[in-house]
Structures are given as structure tokens and as C-alpha cells.
Amino acid sequence: MAAIDIRAEIADLDRSLSSIESVVDPERKRAEIADLSEKVAAPDLWDDPDNAQKVTSRLSQLNSELDRVGSLRSRLDDLGVLVELAEEEADAGTLEEAHRELTSLRTEIDALEVRTLLSGEYDERDAVVTVRSEAGGVDAADFAEMLLRMYLRWSERHGYSAEVYDISYAEEAGIKSATFQVKAPFAYGTLSVEQGTHRLVRISPFDNQGRRQTSFAGVEVLPVTAEADHIDIPEAEIRVDVFRSSGPGGQSVNTTDSAVRLTHLPTGIVVSCQNEKSQLQNKVAAMKVLQSRLLEKARRDREAELNALKGDGGNSWGSQMRSYVLHPYQMVKDLRTEHEVGNPDAVFDGDIDGFIDAGIRWRKRSEIDAQA
């Protein structure tokens, strides 16, 4: 790539980064950092551990955001100097170094640009994800387990903590459902575009005649509740059932009635947890998921009311959003964004960032179009 072409690319990246900086608003964040730093320095900060954790976490997050934007700005400025040096000295090696840095900056700025699009009410929170097998029998149960592994591998690739709360195993193979929490900044905003119905087309490994089978699995993504949500669930509205954990487990998992099932009587929402060894721990984890589902239900109810006022239909959850085709050709395609790749193995191994980024951009464009 010639120096003039790199300069054009740098100018384009500069516009993108300036747009990001206007959204991030470094001055406002510096003011918030100064305020939080005073609170952190207070001698009685840890008298309230929960509040102290929130303050220190928020301070760390803000510093990280500013450092990231500042580092990209500094590197972009240095890149311009590097290109000038390469031109003055007619140094092909330096120009090649500038090209590599340009490619790296493009990737990082694009990723940060996607993050700035996450401005929803709950986007900054952790996510509770449930994967369920749908139509397709044993193939659907196997597909649901493939998706569970895909999301856990995605979390692992990014260094995110993922805690599995409950897995309901199918009789022959795969799973009926699984619920897990991804603990990372903006986990909900990021993964919420994965919500919907996923479709798998392949030669069924469970069909002795080797026929092609289409199966479906559903993905639900919820924000983790916070104290500020004020979801009050009276004990009289909850039925608690305990039972023995099923499926593979450790020494004490399958020998005691430690698994817990909560039923919210007014709504019929049912949540189970069997990951922890004690009944109390499972109840706490199940309650967390139940609160998240009630929070999401309240949000959808509000959205439905607004849609009714606008004369619009309900939400689109449950609509088919991605196809994974393993036969007669190899392709994974998002039906909303048209983003596709020809390597399903990589996707099932957690390489889904391209789909997530395209989904976030698509959702933002849809919101803007709806407001127009």
C-alpha cells in the first residue's frame, strides 16, 4: 500500500475515532472519575462493601475506557508521523510497518465503535443466557448443546467468566435447556443480538439412513438485575421445589436433594438451578435468574404498550435469525444482517464476533429507521 493510500486510511480512521470520542465524552468521564476517586479515598468506604464494590468497579471501568480511547488516539497520531518518515527516507520497511499498524488500528477502532453503539438501558450489565432445544427431536437437543458450547467458548476466548446455573439433559443426546451467566462489562448489550431462533441443517448423525435433518434451538438473553431495579417478589408468589440433580456431576451433586426449582405463580415463569452443591446456593442463583426474567418481562410489557400506541406489532423474539448449514454446503448466515462465513467449525468453536458486531450495527440502524 502506497503512502498516499495509507494517509487516506488514516484520515478515515481519524473521523471514526473522533465520532467515538464525541460519544465517549472524555471530559464528562474525567469529572466522574474525579468524583469517584474522592469516594474511594474515603476511610469509611468499605463500611458498605456492596457500595464499595460498585464504586471501585465503576472507577476501574471508566479509567479503562479513557485509557483505551487515549491509546488509540496516540497510536493514530504516531502512525501519521511514521508514514511521513517512510516517505522522507523512501523506506519500504518503515512503510510496511505503518501498514501493519494501520491494519491493527482499523480492527481495534472498529471494535470500539461497535461498543459505543451499546447505549440501551441495561446494555452495561452481565447477561443471563438460556439455550433451549426446539423442533427437531434429538437433533435439536444436540444442536442446543452445540450452541451452549459455542457461547461458553466465546466467553473463554474473551477471558470472560461464565457460570452455568442449570443444564437439563435430553434422554438420547444433547440438552433440553441450559442457563448460564456471562460476567463481563456490556455482556447483555453484546449478547442480546444473539436472541432468537437458530436453525441447523445437516446430515443427522442420529439417522441410520443418513438423511438430511433440519432442527431448531432458541436463545434467550436477559440482563442481570441490580439493586436499583427494585423487583419485589413476595414469598407467597413463589413455589419452591427441591429435587436431586440429574446428569453428570461430582461426588455430592447427585446424592442429595440440593437442586432447586422456583415457580413464580402469577406469571408461571419456572427457573431451576442445580449447579451448586448446597440447596441455599442453588436457591440464591435461581432467584437471580427469576428476577432477570421478571425484569425482562416488565421491559417487554412496556415495549408492547408503546408498540400498541404506535400501531406496531409485538416484539420479534423467537423469529429465525441465523442458519447453520453443514450439508450440502458449509455456511453460517445471519438472516437479518446477511453476514455469513463459510467455516461452521470455527463458529461453533466460539468465533462469533463478526455476527455479533454485524447484529449490533443492524439493531442500531433499525432503531434509527424506526425513529425517522
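Colleague: In which sense do strands β1 and β5 (residues 212–223) pair, and over how many bridges?

Modeller: This is a predicted model, in which local features need pLDDT of at least 70 and side-chain atom pairs count only at pLDDT 80 or more, while totals for chains, interfaces and linings use all residues. Residues are numbered from 1 along each chain as its sequence is written, and side-chain values use heavy atoms, with hydrogens and water left out.

Strands β1 and β5 pair in the antiparallel sense, and 7 bridges link them, where pairing requires at least two DSSP bridges between strands. Strand β1, which covers residues 127–133, also runs antiparallel to strand β3 (residues 175–183), to which 6 bridges join it. Strand β1 is mostly covered, with 5 of its 7 residues buried, that is, under 20% relative accessible area.

Elsewhere in the model, helix α1 (residues 3–24) packs with helix α3 (residues 49–89) at an angle of about 165°, and their axes lie 10 Å apart. The helices α1 and α3 are therefore roughly antiparallel to each other, a term used for angles over 145 degrees. Among the residues that make this contact are Ile6, Ile10, Leu13 and Leu17 of α1, together with Leu72, Leu76, Leu79 and Val83 of α3, where contact means heavy atoms within 4.5 Å.

Methods: Axes are lines fitted to C-alpha atoms, for helices over the stretch in contact, and angles run from 0 to 180 degrees between N-to-C directions. Helices (H or I, at least four residues) and strands (E, at least two) are DSSP runs, numbered from the N terminus. Angles under 35 degrees count as roughly parallel, over 145 as roughly antiparallel, 65 to 115 as roughly perpendicular and the rest as oblique. Buried means under 20% relative accessible area, exposed over 50%, partly exposed in between (1.4 Å probe, protein chains only).
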